[in-house]
Amino acid sequence: MKWFDNTALTLVIIGALNWLMVGIFKLDIVAVIFGNLTWLSRIIYTIIGLCGLYLISLYGRIGSSS
């Protein structure tokens with residue numbers, strides 16, 4: 001599962017950088033590349049959101065490992 005944790009973390013970081021670009025420059029990189037709310041961009045947003053929800057489990061795993 002370590003590879004899944006790393007993949008999820010990478011996708012969430014990319015999503016955070018996208019939100020940074022939206023906040024500073026009003027530039028949505030996903031919308032620029034895949035179109036504004038096309039089915040493909042919605043899938044990408046959904047995957048990144050699910051990865052973020054999955055990473056909530058890190059709190060429990062970090063607490064139990066120490």
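Good morning. Read along the sequence, the protein chain follows the pattern α-α-α-α, with four helices and zero strands. Helices (H or I, at least four residues) and strands (E, at least two) are DSSP runs, numbered from the N terminus.

A word on the basis of this talk. This is a predicted model, in which local features need pLDDT of at least 70 and side-chain atom pairs count only at pLDDT 80 or more, while totals for chains, interfaces and linings use all residues. Residues are numbered from 1 along each chain as its sequence is written, and side-chain values use heavy atoms, with hydrogens and water left out.

I begin with the overall form. The C-alpha atoms of the protein chain fill a box of roughly 45 × 25 × 15 Å along the principal axes. The radius of gyration of the protein chain is 14 Å, whereas a compact globule of 66 residues would have one near 11 Å. That radius is taken over C-alpha atoms, and the globule rule is 2.2 Å times the number of residues to the power 0.38. Of the 66 residues, 18% count as buried; buried means under 20% relative accessible area, exposed over 50%, and partly exposed in between, with a 1.4 Å probe and protein chains only.

Next, how do H1 and H3 pack? Helix H1 (residues 2-25) and helix H3 (residues 39-55) pack at an angle of about 120°, with their axes 9 Å apart. Axes are lines fitted to C-alpha atoms, for helices over the stretch in contact, and angles run from 0 to 180 degrees between N-to-C directions. H1 and H3 are therefore oblique to each other: angles under 35 degrees count as roughly parallel, over 145 as roughly antiparallel, 65 to 115 as roughly perpendicular and the rest as oblique.

Residues of H1, including Phe4, Leu11 and Asn18, meet residues of H3, among them Tyr45, Ile48 and Leu55. Contact here means heavy atoms within 4.5 Å.

Asn18, in helix H1, is buried, with a relative accessible area of 8%. Leaving aside residues up to four places away in sequence, Asn18 touches Leu27, Asp28, Ile29, Val30 and Tyr45.
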